[in-house]
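User: I am new to reading protein models. Could you take me through one, feature by feature?

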Amino acid sequence: MTNGWYLIASPLDKAFVPSTENGFLNNTYDLYRFNQSAELEWENWKSHVDNDDHYHFDLEPGKGYLYANSGNVTLMFCGTPYSGNGTVNLEYSTVNQNENMHGMNLIGNPFATAATIDKPFFRMNEGGTALTAQVEAGNTVAAMEGVFVQATQEGQTALFTQVNNRGGEKSEVPMINVNLIRNRGEVLSNAIVRFDNGETLGAFSLREDDSKLYIPQNGKDYAIACVGRDSVHTVSTAEIPVNFKAMQNSEYTITVNPENLEMNYLHLIDNLTGADLDVLASPNYTFFAKSTDYTSRFKLVFMANNANLDGKKNDDFAFTINGHLIVTGEGTLQIVDMMGRVLVSKQLSTTNSQLPTADFRLGVYVLRLINGEEVKTQKIVVK
């Protein structure tokens, strides 16, 4: 392997001891195991002490480890190949204060060949800089590769199944992949919306300073979220929020790719700028983001049925967040109550304006944005 970070796993039947002879401890190296039942979840091989005051730890079958080396090295696993059934026990703990780490397990493919896994998982990207979410079918875990999976309760397991010579079966689950790209084309983060009743996967990253995408649902953040198969057959449009947190002021690119999903209408909406991208025609959207931007930056608007599509256009130009009404667009903004009274008439000279919602009583209002002969209307709830 070349220098950089990797998630690795042992393909041996018994615990394996890293050494200079098998390449692990050459050059400048680092080796960690992940223990989500401890407050300090990363345990370093160089400094770890167990209950018997022994330093270091061995690499156990079915477990994954984070490894890095300053040079190009060949890691050699010497011993009897794994002969078990591929079942790996998962731990579930809420000791760590970071809710997104609850139930996270760093496990590894125990076989000496590629295998599939029966749970959604995170794997390290090619550059060793970030974790990307994967669904369980059609995405194989390589031999000696570690992955992150999430337990949602005690007593759960993950099952690895060796891939036959024809390779793994391609997933038939309809889904939308949203990838965040920066710099040299590396995927920094991704979020997946799957249209079935499969398992979800909580948002998670190796470093807190990583910019990330996630799907908010019911007060939690997900890297893989399920919305139900029936949602793609609705006649009226459906919306899915896609939150984005930029930790560095930079230019980013989002790519949206539907898989096994027949759609006539799929748009990515930038709530901050008002940009409306037809991702079926052009899947890439490049934008600049600052660390102070709203996290509720994007949403996906989709429709699978041909009905009512002709001339359909997303006209939403405002949303509420953190006690403010955010309006994207220029012109005269009118805020009208349900009695038809114009409560506010304000000229907006910039494409992004903020008004405090504390100035309004709780309730439903109609917004009008008038720019010459163009009039946009939108109903909004202040709560």
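User: Which strand pairs with β15 over three bridges, and in which sense?
Analyst: This is a predicted model, so keep that in mind throughout. Strand β16, residues 220–226, pairs with β15 in the antiparallel sense, over three bridges.

User: What lies between the strands in the hairpin of β15 and β16?
Analyst: Two residues lie between them. In this hairpin Asn218 takes a positive phi near 50°.

User: Which way do β15 and β17 run, and how many bridges join them?
Analyst: They run antiparallel, and three bridges join them. β15 covers residues 212–217 and β17 covers residues 238–245. Find Lys212 and look across: Lys245 in β17 stands opposite.

User: How do side chains point along a strand?
Analyst: In a regular strand, side chains alternate between the two faces of the sheet.

User: How many helices and strands does the chain have?
Analyst: There are zero helices and 29 strands.

User: How do I read burial, and what share of the chain counts as buried?
Analyst: Buried means under 20% relative accessible area, and exposed means over 50%. Partly exposed is in between. Of the 383 residues here, 49% count as buried. The accessible surface of the chain comes to about 19,100 Å². Carbon and sulfur atoms account for 45% of that surface.

User: How many disulfides does the structure hold?
Analyst: A disulfide is a covalent bond between the sulfur atoms of two cysteines. This structure holds zero. Cys78 has a relative accessible area of 59%, so Cys78 is exposed. Cys226 has 15%, so Cys226 counts as buried.

User: How many salt bridges does a search of the whole structure find?
Analyst: Side chains of opposite charge can pair when their charged atoms come close. The search finds 10 salt bridges here. One of them joins Arg33 and Glu43, with the closest N and O atoms 2.7 Å apart.

User: Why does the pair of Arg33 and Glu43 tie together parts of the chain?
Analyst: Because Arg33 sits in strand β2 (residues 29–34) and Glu43 in strand β3 (residues 42–44), the pair ties together parts 10 residues apart in sequence. Arg33 is partly exposed at 22% relative accessible area. Glu43 is buried at 13%.

User: Which residue does Lys119 meet in a salt bridge?
Analyst: The side chain of Lys119 meets that of Glu199, at 3.0 Å from N to O. Lys119 lies in the loop between β7 and β8, and Glu199 in the loop between β13 and β14, so this pair ties together parts 80 residues apart in sequence. At 6% relative accessibility, Lys119 counts as buried. Glu199, at 32%, counts as partly exposed.

User: Which residues are linked in a network of salt bridges?
Analyst: Glu136, Arg194 and Asp196 are linked that way. Arg194 counts as buried, at 2% relative accessibility. Asp196 counts as buried too, at 11%.

User: Where is Val135, and is it buried or exposed?
Analyst: Val135 is in the loop between β9 and β10. Val135 is buried, with a relative accessible area of 5%. Compare sequence with space here. Val135 and Glu199 are 64 residues apart along the chain, while their C-alpha atoms are separated by 9.0 Å.

User: What share of the chain's contacts join residues at least 24 apart?
Analyst: The share is 71%, among contacts between residues at least 6 apart in sequence.

User: Which residues is Thr132 in contact with, leaving aside neighbours within four places in sequence?
Analyst: First place Thr132: strand β9, residues 131–134. Thr132 is buried, at 8% relative accessible area. The contacts are Phe121, Phe122, Arg123, Asn125, Val187 and Asn190.

User: What joins the side chains of Thr132 and Gln134?
Analyst: A polar contact of 3.3 Å joins them.

How values were computed: Residues numbered from 1 in each chain as written. Predicted model: local features only at pLDDT ≥ 70, side-chain atom pairs only at ≥ 80, totals over all residues. Heavy atoms only, no water. Helix = DSSP H or I, 4+ residues; strand = E, 2+ residues; numbered from the N terminus. Buried < 20%, exposed > 50% of the residue type's maximum accessible area, 1.4 Å probe, protein only. Polar contact = N/O pair within 3.5 Å; in protein donor to acceptor, adjacent residues only side chain to side chain. Contact = heavy atoms within 4.5 Å. Areas by Shrake-Rupley, 256 points an atom, 1.4 Å probe, with all protein chains shown as cover. Disulfide = S-S within 2.5 Å. Salt bridge = Lys/Arg side-chain N within 4 Å of Asp/Glu carboxyl O. Pairing = 2+ DSSP bridges.
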